[in-house]
Amino acid sequence: MTELRSEFMKTFRDRGYMHQCTDLEALDAAFADRPVTAYIGFDCTARSLHVGSLMQIMILRRMQQAGHKPIVLMGGGTTKVGDPSGKDESRPVITDEIIQENMDGIKKVFEKFLTFGDGPTDAVMVNNDDWLSELGYIRFLRDYGRHFSINRMLTFDSVKLRLEREQSLSFLEFNYMILQAYDFVELKKRFNCDLQIGGSDQWGNIVNGTELGRRTNSFNLFGLTTPLLTTSSGAKMGKTAAGAIWLNEDMLSPYDYWQFWRNTEDADVGRFLRLFTELPLDEIAKLEKMQGAELNEAKKVLANECTRLAHGDAAAEEAAETARRTFEMGETAESLPTTEIPKAELDEGIPAFALFNRVGLSPSSSEARKLIKGGGARLNDEKISDEKLVLTSADVNETGRIKLSAGKKRHHLILPS
């Protein structure tokens with residue numbers, strides 16, 4: 001194992017973030033000797049990031065804590081193109097207005113994790129549309145396109161997998177890796193940025209950037225990637241049967257966010273504590289040794305710590321207390337996620353499967369029907385056996401609400417208004 005000098009790179013390795021590095025020894029020396037500026041890019045395809053991006057956000061946070069400068073690169077420009085990495089088909093084209101709305105929503109996440117400002121280690125947020133939209137196409141191709149080999153580009157996984165599966169890859173998407181490489185060069189010029197960090201699927205794009213900087217400006221740039229993050233059962237982080245686990249509370253309540261972490265698979269508890277919390281490693285080592293019912297306490301610690309970082313101490317405490325009252329004491333807690341529905345609409349009646357989908361307990365009406373058929377749906381703590389059941393005002397319980405449950409751990413209250 002390589003002996004590391006810098007605090008950040010030691011944390012990066014010991015916490016489980018390390019996958020590949022273009023020059024580990026030289027990068028470690030840079031982090032040990034001076035403040036390093038590094039960036040991670042985020043495309044703007046939704047109004048919030050989900051937990052699939054949380055590892056990258058935590059890395060920027062840890063980098064800043066170690067005395068270095070993080071750059072959050074918003075892909076206002078590259079979102080117009082669409083990253084083909086890991087995709088079987090082209091993303092639908094979205095308008096400039098929607099991209100801006102998405103960017104505004106995503107910014108809220110980073111304010112929870114990073115300190116922004118003008119200081120030497122303060123984070124900055126930039127939009128690559130600031131320079132990509134100004135490019136003259138012919139001049140850009142002449143100055144930068146000649147540094148890219150089509151033969152080599154065809155070997156990258158983002159391209160090769162699409163071609164092997166006989167899925168269409170547009171020329172627009174094919175340009176994505178060139179634009180990402182150019183971003184790195186532009187950030188070096190504007191902010192003296194030396195390092196790009198990304199997921200393992202970005203390795204080819206990142207290496208392109210380091211090489212483009214060397215060829216065009218003799219820059220010495222670094223690339224660093226993290227492993228592809230999946231659960232022990234092989235599921236991709238960020239998505240569940242009920243939909244994406246969003247980081248913005250206007251898209252997923254702090255309670256549901258807490259529940260996501262509380263439901264972590266047993267084999268993932270220690271790994272997720274290292275990746276997504278700031279607990280000391282020796283404390284995590286004790287928690288992950290727990291077995292059986294004791295392991296549930298470690299899961300609660302994970303849920304509390306993750307929710308605290310994303311939503312604050314008060315929200316984490318409230319979510320934990322709500323869960324305690326709901327599951328340990330059997331009460332219907334006031335702070336369960338609640339949706340107001342006009343009483344007139346309830347008087348007319350709403351199909352149960354439609355209501356489960358509407359409040360986010362199921363990603364679609366068809367999935368809600370499957371939930372009911374499988375016996376996993378409950379109304380006021382009673383199993384729903386009829387998938388055609390229509391809920392009305394008559395289903396309001398003694399608390400003045402309708403309680404819907406998907407399985408044993410996900411609940412939602414309907415409040416007639």
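**Briefing: charges, cysteines and patches in a predicted model**

Arg378 sits in strand S11, which covers residues 377-379; strands (E, at least two residues) and helices (H or I, at least four) are DSSP runs, numbered from the N terminus. This is a predicted model, in which local features need pLDDT of at least 70 and side-chain atom pairs count only at pLDDT 80 or more, while totals for chains, interfaces and linings use all residues. Residues are numbered from 1 along each chain as its sequence is written, and side-chain values use heavy atoms, with hydrogens and water left out.

**Surface patches**

- Patches are made of residues with over 30% relative accessible area and no salt bridge, joining like charges within 9 Å and nonpolar side chains (Val, Leu, Ile, Met, Phe, Trp, Tyr) within 5 Å.
- A nonpolar surface patch consists of Ile150, Leu154 and Leu163, which together have about 260 Å² of accessible area, computed by the Shrake-Rupley method with a 1.4 Å probe, where for residues only the protein chains shown count as cover.
- Leu154 lies in the loop between helix H7 (150-153) and helix H8 (157-164), and its relative accessibility of 39% makes Leu154 partly exposed.

**Salt bridges**

- Side chains of opposite charge can pair when their charged atoms come close.
- The whole structure contains 21 salt bridges, each being a side-chain nitrogen of Lys or Arg within 4 Å of a carboxyl oxygen of Asp or Glu.
- One of them links Asp194 and Lys188 at 2.6 Å, N to O, and both of these residues are buried.
- Glu305 and Arg308 are joined by a salt bridge of 3.0 Å, N to O.
- Glu305 and Arg308 are 3 residues apart in helix H15 (residues 294-311), so about one helical turn separates them.
- Glu305 counts as buried at 17% relative accessibility, whereas Arg308 counts as partly exposed at 29%.
- Asp347 and Lys343 form a salt bridge of 3.3 Å, N to O.
- Helix H17 (residues 343-348) holds Asp347 and Lys343 4 residues apart, so they are separated by about one helical turn.
- Asp347 is partly exposed at 44% relative accessibility, and Lys343 is partly exposed with a relative accessible area of 43%.
- Arg34, Lys188 and Asp194 belong to one network, joined by salt bridges that share partners.

**Cysteines**

- The structure has 0 disulfides, a disulfide being a pair of cysteine sulfur atoms within 2.5 Å.
- Cys44 takes part in no disulfide, and the nearest cysteine sulfur, that of Cys193, lies 17 Å away.
- Cys44 is buried, with a relative accessible area of 0%.
- Cys306 is buried as well, with a relative accessible area of 2%.

- Leu247 is located in the loop between strand S8 (243-244) and helix H12 (254-262).
- With a relative accessible area of 3%, Leu247 is buried.
- Leu247 and Val109 are 138 residues apart in sequence, yet their C-alpha atoms are 6.6 Å apart in space.

Terms used:
Buried means under 20% relative accessible area, exposed over 50%, partly exposed in between (1.4 Å probe, protein chains only).
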